[in-house]
Amino acid sequence: MRLRTLRLQLRFLLPLFIVLVVAAYLAVPLLDKVTLRWFSRDLNSRGLLVANALSDSIAEALAAGRLSRLQTLFDRAAQDERLVAIGLCSPDGRLIQSTDRFPADLSCARSLEVAHKPDPRLALSGGAVHVGVHDVLGHRPAAPAALLSLDDWAPGDAGVEGNKSAVAETPASQMLVARLVLLHDLSFIDRRSEDSRNYLIGLIAILGLVMAVITMVVAQLSWRGWLSGARALMRGEGLVSPLMPAPELAPFAADLRARLRDMEDEYRRAQGPDAEWTADRLRTLLSTQLSGDQVIVVSNREPYIHERTADGIIVKRPASGLVTAVEPVMRACSGTWIAHGSGTADREVVDGRDRVRVPPGHEEYWLRRVWLTAEEEKGYYYGFANEGLWPLCHVAHVRPVFRESDWEAYRAVNQRFADAVVAEATGDDPVVLVQDYHFALLPAMIREKLPEATILTFWHIPWPNPESFGICPWRRELLQGMLGSTILGFHTRFHCKNFTETVDRYLEARIEHEHSTIAYREKETLVESYPISIEWPAPEQVERWGSIAQCRERVTARLGLPEDMCLAVGVDRFDYTKGILERLNAVERLLEKRPHLIGRFVFVQVAAPTRNSLDEYRNFQEHVQRVTDRINLRFERDGWRPVHLLAHHHEPHAVMELFRAADICVVTSLHDGMNLVCKEFVAARDDLQGVLVLSRFAGAVRELPEALIVNPYHVEETADALYSAATMPPGEQRERMASLRSTVHEYNVFRWAGRMLADAGRGRLRNRIEARVRRYRAD
Ligand code: G6P
């Protein structure tokens, strides 16, 4: 991590360093040149001053022919530390006088030549000197001097251009009498130039250092800020977190996240639909197509019920197809499940916000409990949901009952759950999975408070035809409530068709058959079929169940059955829609028709008590008990009886044990949205044995045609199917079971949830794109 930061900083610093080196490389010679020019100009003016000061004395001495006088004068002048030597040349270029340090080999012509150069520098053994030549003007001497041959004088000789200033004006009476050569010390200039070069390099180095430090600090801070900002964005916190370290990222945060998601969406889609659906794949889908989105499930029945018993608090799993299906999905995607807290110890285990982590011991998601009074439960759950909607949708020849007070309670409780959803939502667009007929009004209620939410409503029971549904006094309100959903799911296309026709009949809505959508009050709902299923058991799970032989042994021992018995089982809630009576009638008929099975065939019916407060259920359960007793009485002998009615709750592992022990599983629902019992039986039989007898009125029949399909109302047909099952050769069982298993394995519950969530993700993607296009247009 540090190494990466260092490398990144070097990327900043290297160009800076190069710029500074180039700057120094260019600046130092330039500085040398400039300082030299300044000094040379300085020396010229100094030279001019000296020449002016000396010229009169020189002219006089020359005129008087007394050159010796000049020696003293020159020596004095040369005491100046910057003046190395002075020489005097005759106009014809002979050195006629000089101080001690004037180089013996320096001629007047050479001095003049050097002085003409732009850089009049001369290297001597004692160091470099600046050469200046200045004209000395005066009157022509009256008589030849003793030491000077005046014949050699050539007045008006070409002056030294560079040093003309020695005599600003040449009056006509005056003429060039000599040239003064001044050698200035240059070593001090070199010293100064070196000093200033050092200063400059030092300055550039310090400047570079300061800039580097500032760059590093700024880069560090902004890089860190940017990084954590970008990370926060990726996590989806960018726009909402007040701690976001780089607020300047906010303007493009949404775009960035949207782009990433779109890319991931494409990637996932490119993977194709054929890959197996697993919890992991569902998790991946959630973290890509619905990334960062909160998932909230709402159902009436809770997945874990805390009950107080004499031995303390125990946790029970309810007998509910809905819970069986939704629980693994919830474990895969975490989130919050809101449900009615119905257990006697439920209140004792929740926190201050009525929440508890579940599953017990694993704690993968939150269960938020909503409390209902006995009155509310009576009106909303027993009354409107189970005496009204349940028989209405199942068309199982039980009259629906609609009471005004139940309807009021149903509405009020739906509102209570809508408020709970809003309270649990951490953003304005959670994904809410509304479950079943207890909450037909909930989607529109949630939509009102959270217009951006994605609401997936799944109707776990059948949807009747428009005429049947039309008997409900609040049919319009129910339909309006459901059309608050983004997606409305049913188990089968047939139920979707019934629903669409019902809407067509009772509401003013635009139905797009092509796209399976219903537009109502500017809001569009996708109506689609998503056949629900179960979680395919993992090998460890199968191992925990024990072998088929062990299960068979345990079950026969518990029920006191001989080992070689043909064992048929039924596992249901004790509900009139499940066709339990019809099943018993078929068993009776089987024994009538095939008396050799008497004493060799046993039917075990597990019937989990349900909705016992309702007369219809109590009457039904009593009726079943009476029929059971009658059949047993008729056929029992030597401690054997054909029907074992186990009317109590069985935990999932006990049900699995029974499935593994059985030869036949009987599912004879009179009408069922899907029915998961048949799928659980198939999943339990890794030995590829066992026969499934399945009602043609269960949604599952569309996926499981290899079962023996029966019309449960037709006793004869069902009895014959039981006989076929009891006598089916192992090879045929294996063939049918293998095919059934591959279907259930592939069409598992993660596929059910995954398809729905993927459709939701596609919808959300479409909305994002539309919003972006609108934004671009507005820009
Ligand atoms: C059916 C319904 C579920 C319900 C379950 C058990 O499967 O579709 O919503 O939870 O029966 O019924 P109960 O009334 O006990 O919840």
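The model is a predicted one, in which local features need pLDDT of at least 70 and side-chain atom pairs count only at pLDDT 80 or more, while totals for chains, interfaces and linings use all residues. Residues are numbered from 1 along each chain as its sequence is written, and side-chain values use heavy atoms, with hydrogens and water left out.

Strand β1 (residues 83–89) and β2 pair in the antiparallel sense over three bridges, where two strands are said to pair if DSSP finds at least two bridges between them. Both belong to an open sheet of five strands with antiparallel pairing, whose order is β2-β1-β5-β4-β3. The edges are taken by β2 (95–98) and β3 (121–124), each with a single partner strand, so one side of each is left without a neighbour in the sheet. On average, and with direction ignored, neighbouring strands of this sheet are turned by 30° against each other.

Helix α3 (residues 108–116) packs on the sheet, where it touches β1, β2, β3, β4 (127–138) and β5 (175–185), and its direction makes about 105° with that of β4. Such angles run from 0 to 180 degrees between N-to-C directions, with axes fitted as lines to C-alpha atoms, for helices over the stretch in contact. Ser111 lies in helix α3 and, at 1% relative accessibility, counts as buried; buried means under 20% relative accessible area, exposed over 50%, and partly exposed in between, with a 1.4 Å probe and protein chains only. Not counting residues up to four places away in sequence, Ser111 touches Phe102, Leu106, Val131, Val133 and Val181, a contact being heavy atoms within 4.5 Å.

From here we can turn to the whole protein, which has 23 helices and 23 strands; these are DSSP runs numbered from the N terminus, helices being H or I with at least four residues and strands E with at least two. Of its 779 residues, 52% count as buried. Among contacts between residues at least 6 apart in sequence, 73% join residues at least 24 apart.

Aromatic rings give another way to follow the structure, which holds 22 aromatic pairs. Rings of Phe, Tyr and Trp (its six-membered ring) pair if their centres lie within 6.5 Å, and planes under 30 degrees apart count as stacked, over 60 as edge-to-face and the rest as tilted. Trp407 and Tyr410 form a stacked pair, with 6.2 Å from centre to centre and 20° between the planes. Both lie in helix α10 (residues 404–424), three residues apart, which is about one turn of the helix, and both are buried. An edge-to-face pair is formed by Phe458 and Trp752, at 5.1 Å centre to centre and with 85° between the planes. Because Phe458 lies in strand β13 (residues 454–458) and Trp752 in helix α23 (residues 749–778), this pair ties together parts that are 294 residues apart in sequence. Phe458 counts as buried at 0% relative accessibility, and Trp752 counts as buried at 4%.

Ring pairs also link Tyr380, Phe384, Phe402, Trp407, Tyr410, Phe417, Phe439 and Trp474 into a cluster. Finally, the charged end of Arg594 sits over the ring of Tyr723, 3.8 Å from its centre, which requires NZ of Lys or CZ of Arg to be within 6 Å of the ring centre and within 35 degrees of the ring normal.
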